[in-house]
Amino acid sequence: MALIVVTGRGGAGKTTTTANLSSILASKEYRVLAIDGDLYLPNLGFHFSLDNVRYTLHSLLKNPDLDPEWAIYKHGPTGVHVMPGSSQLHDVLGISPRRLTDLLERVKYKFGVIFIDSPTGIPFDTLPTFELARYQLIVVEIERSPIYSFETMVKNEIEKLKAIGERYKLNIGVILNKVREAEDVVEKLIETIEEDLEVPVLGWVPFDNTVPESINAGIPVVNYAPWSDAAIAFKEVGNLLEEWIFG
């Protein structure tokens, strides 16, 4: 089960969502792999304290002869298997996103669930992997839109990203993240998204200062502070995600 995690704008919490949902499914005894598919600005490794490792996704893309297992690290606190990217410029130059598909083909049978953290906007880096995926998760931060037009802007963002998933016949779901002032109207917005765009909203996660603390610690918030507001919300989303995928 491969899931592509996307967002339209930077800072929405796409990578945080990837880290936490993969941790939740790993806690349910699924063998989970999280891949940093943001080839030019990778930061998934930071969420798991894997920012200084010898082999990365970029190592595999540059040298297909390497064993993919060399670039997969099991994160002790969560049990998630992580394939981090490299933040070094010399590793980014000259790579081919098309090789991501070959790589996914080589590892997909070893894991029950694979999360692919895509780049912000149109995910050109990970588009080849859409051919092998079955699910697309769209992460949206509604607070950064002007209050008088946020409903229209959110719908536009989801609609554009949804079109990509539909092209590859993926099952598409939405997660609303970092909800603050809009908490009073979020249920109405969810109803609008589901009725007008015909995509399910798996849940919403409140803004929580514990999240950046957990990122600094290199432990997803569901493990770092399991009783925090964000952790509780992520767990609810994770439960729905499990039901959505596995029934």
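Me: Which residue is the bridge partner of Leu-3 in β5?
Reply: In this predicted model, strand β1 covers residues 2-6, and its pairing with β5 is parallel, with four bridges between them. Within that pairing, the residue of β5 that forms the bridge with Leu-3 is Phe-115.

Me: Which residues point one way from β1 and which the other way?
Reply: Strand β1 is mostly covered, since five of its five residues count as buried, a term that stands for under 20% relative accessible area. The buried side chains are divided between two directions, with Leu-3 and Val-5 pointing one way and, the other way, Ala-2, Ile-4 and Val-6.

Me: Why is β2 largely enclosed by the rest of the structure?
Reply: Both faces of β2 are covered, with Leu-33 and Ile-35 buried on one side and Val-32, Ala-34 and Asp-36 buried on the other. Strand β2 is largely enclosed because, among its residues 32-36, the number buried is five of the five.

Me: Which residue in β5 stands opposite Asp-36?
Reply: Strand β2 takes part in a parallel pairing with strand β4, residues 81-83, over three bridges, in which Ala-34 has Val-82 as its bridge partner. Strand β2 also runs parallel to strand β5, residues 113-117, and five bridges join them. In β5, the residue that stands opposite Asp-36 is Asp-117.

Me: Which strands stand at the edges, each with a single partner strand?
Reply: The strands form an open sheet of eight with mixed pairing, and their order is β3-β4-β2-β5-β1-β6-β7-β8. Each edge strand has a single partner, so one of its sides is left without a neighbour in the sheet, and the strands in that position are β3 (73-74) and β8 (201-206).

Me: Which helix gives the most to the lining of the largest pocket?
Reply: The largest pocket holds about 240 Å³ of space, and its lining is made up of 16 residues, with Gly-11, Lys-14, Thr-15, Asn-43 and Thr-120 lying nearest its centre. By class, that lining comprises nine polar, four charged and three nonpolar residues. With three residues, the helix that gives the most to this lining is α1 (residues 14-27).

Me: How many charged residues does the lining of the largest cavity have by class?
Reply: A search of the whole structure finds one cavity of 30 Å³ or more, and the space in the largest cavity is about 30 Å³. The cavity is lined by Thr-16, Asn-20, His-47, Ser-214, Ile-215, Ile-219, Pro-220 and Val-221, with at least two residues of the lining coming from each of α1 and α7 (210-217). Sorted by class, four of the lining residues are nonpolar and four are polar, while the number of charged residues is none.

Me: Is Lys-162 buried or exposed?
Reply: Lys-162 has its place in helix α5, residues 150-167, and a polar atom of its side chain lies 2.5 Å from the backbone oxygen of Leu-197. Its relative accessible area is 14%, and the cut-off for a buried residue is under 20%. On that basis, Lys-162 counts as buried.

Me: What distance separates the C-alpha atoms of Lys-28 and Asn-239?
Reply: Lys-28 sits in the loop between α1 and β2, where a relative accessibility of 28% makes this residue partly exposed. Although Lys-28 and Asn-239 are 211 residues apart along the chain, the separation of their C-alpha atoms is 9.6 Å.

Me: Just after α9, which residue takes a positive phi?
Reply: Helix α9, residues 229-246, has 18 residues and reaches 26 Å from its first C-alpha to its last, close to the 26 Å expected at 1.5 Å a residue. Among the buried residues of α9 are Ala-230, Phe-234, Val-237, Leu-241 and Ile-245; in an α-helix, residues three or four places apart point the same way, because there are 3.6 residues a turn. Just after the helix, a positive phi of about 75° is taken by Gly-247.

Terms used
Residues numbered from 1 in each chain as written. Predicted model: local features only at pLDDT ≥ 70, side-chain atom pairs only at ≥ 80, totals over all residues. Heavy atoms only, no water. Buried < 20%, exposed > 50% of the residue type's maximum accessible area, 1.4 Å probe, protein only. Pairing = 2+ DSSP bridges. 1 Å grid on protein atoms, 1.4 Å probe; cavity = no way out; pocket = protein on both sides within 12 Å on 5 of 7 lines; lining within 4 Å. Points joined across faces, edges and corners; volume = space filled by probe spheres on them. Nonpolar A, V, L, I, M, F, W, Y, C, P; charged D, E, K, R; others polar. Expected span 1.5 Å × (residues − 1). Polar contact = N/O pair within 3.5 Å; in protein donor to acceptor, adjacent residues only side chain to side chain.
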